[in-house]
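Biologist: Hi! Could you walk me through a pocket and a strand in this protein?

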Amino acid sequence: MNIIYVSPEIVPFAKTGGLADVAGTLPKCLSKLGHNVTVFMPLYKGVKNVTNPVQMNLSFEIPIFNNSKPGSIYKGFLPESKTPIYFIENDGYYGRNELYKDPKTGKDFADNCERFIFFSRGVLEAIKLLKLTPDIIHCNDWQSALIPVYLKTLYATDLCFQKVRSVFTIHNLGYQGLFWHWDMKLTGLDWSLFNWKQLEFFGNLNLLKGGIVFSDVINTVSKKYAEEIQTTDDFGKGLEGILRERSKDLYGILNGIDYSVWDPAHDRLIPANYSINDLKGKQVCKRHLQQRFNLPQKDVPVLAMITRLDVQKGVLLLADIFDDLMKLDLQFVLLGTGNIEYESRFKAYAKQYPKKVGIYIGFDNALAHEIEAGADIFLMPSKYEPCGLNQLYSLRYGTVPLIRNTGGLADTITDCTPATLKNGKANGFSFDEFTSQALLKTITRAVTLCKDKARWLRIMKHGMKQDWSWEHSAREYAKLYEKALQKA
Ligand code: ADP
């Protein structure tokens, strides 16, 4: 199959969240399965720090309302692969230090709608210029959600795209690409599409909705989240109705893990390597982590979080019981960035409990690896979680996940009970109710069990031997593409 994979962020070129990890790995796995995969993303300023893409002698113009905006194409490869990646260039749109937010104000760039209209149309123009002949165009999240819309409207009669089918993956329904209605003019689409069944959402333009309505097949990143988003507004964020209408074409495929990057056996970013058969290195990593955060190098459970500081991630549940948590014999480290209020709250806790708490506000990939390796328990009390990657990394690092039963977390973590411990299924701890008390109860349960070294080792090892690699999920995507191709 000829597959075009479109993503606004891809590791190692640009990353703000889990989508970048997915986009950096899935295309390579699909190539290994024998498919012909070509990847597209914007040429952000930071890309050139990572790779040196070759400028091709190809340029195009995209009409944006009354203007015409120029773009060109750069070529590179996904690291350690022969999978080509094309970067859509327009310096005015993408030559910035940040991907979506203005660092000065902390707010989204005012022209985000225009930037990703340009990107979406730019990809289609580039496909034509490069004379690619895709069977499938696989789009991800709101930033490329207009591609399925264009394929069924402005580009519907274009000979290049007659046989193309589109697949749209929703990585998080909390980010919909909502813009004021006048941005409709920038899309070049007919105003008739601005209705509640298509692109309009409570008076605004909703790009994600366009992707859901116009793509041939839709998926999200776990089976449970695919079900949840069709239920209530809490999960569907107002799009539950439209998702229910498309339920026959809506699938759930769990993300995989790139074990060439996330495996303590050969991770170069941690102070000592270890594996299920030789865990000595984990102790070294724990001591190193304690030292890194100026915590006493004691044999107490180290609880950790690496997260966007956002209400979705349940950080407030934890903040609300922090004083109770500190009564337990444990240490807590957090690596995160996001909501400024939450940042200050956790910084204040670190000041209040300097011997028990370490906080690093910022984005630091190396530190993320050190934490995965050095901690004992990884907290993910999410309100909702489309897939979640950190619980899967944690499993391989023998860092037992403690999660709220939702989305991909529920699909991957089996709560430790006498029965699951015995049958080898227990790989973590979980709770159902999104309350601070439920979280505290579960932390207490985990911290207590952590003292029982033999049992704890069993939970760790159950998780460490599980295989959450991409191979299985990549095959599922290939099946999804087949389903899309069968669409009229
Ligand atoms: P989401 O995409 O909702 O943020 P995921 O669990 O799917 O959550 O993916 C988050 C990814 O981003 C993981 O790879 C995680 O390690 C990484 N990450 C999140 N915050 C930070 C941070 N502050 N520093 C380094 N890595 C981070």
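Predicted model: local features only at pLDDT ≥ 70, side-chain atom pairs only at ≥ 80, totals over all residues.

Biologist: Okay, what volume does the second largest pocket have?

Modeller: The volume of the second largest pocket is about 370 Å³.

Biologist: And how many residues line the second largest pocket?

Modeller: Its lining is made of 15 residues. Those nearest the centre of the pocket are Q283, K286, D299, D376 and K453.

Biologist: Nice. Which helix gives the most to that lining?

Modeller: That's α20, which supplies four residues. Helix α20 covers 453-464, and α11, at 280-292, also supplies at least two residues of the lining.

Biologist: How does the lining divide into nonpolar, polar and charged residues?

Modeller: There are seven nonpolar residues, one polar and seven charged in the lining of this second largest pocket.

Biologist: Switching topic: is strand β13 mostly covered or mostly uncovered?

Modeller: Mostly covered! Strand β13 spans residues 302-309, and seven of its eight residues are buried.

Biologist: In which sense do β13 and β14 pair?

Modeller: They pair in the parallel sense, over eight bridges, with β14 made of residues 331-338. If you want a spot to look at, find L309 in the structure: G338 of β14 stands opposite.

Biologist: What about β16, how many bridges join β13 to that one?

Modeller: Two bridges join β13 to β16, which is residues 377-380, and these strands run parallel. Here you can look for A304, with F378 of β16 opposite.

Technical notes
Residues numbered from 1 in each chain as written. Heavy atoms only, no water. 1 Å grid on protein atoms, 1.4 Å probe; cavity = no way out; pocket = protein on both sides within 12 Å on 5 of 7 lines; lining within 4 Å. Points joined across faces, edges and corners; volume = space filled by probe spheres on them. Nonpolar A, V, L, I, M, F, W, Y, C, P; charged D, E, K, R; others polar. Buried < 20%, exposed > 50% of the residue type's maximum accessible area, 1.4 Å probe, protein only. Pairing = 2+ DSSP bridges.
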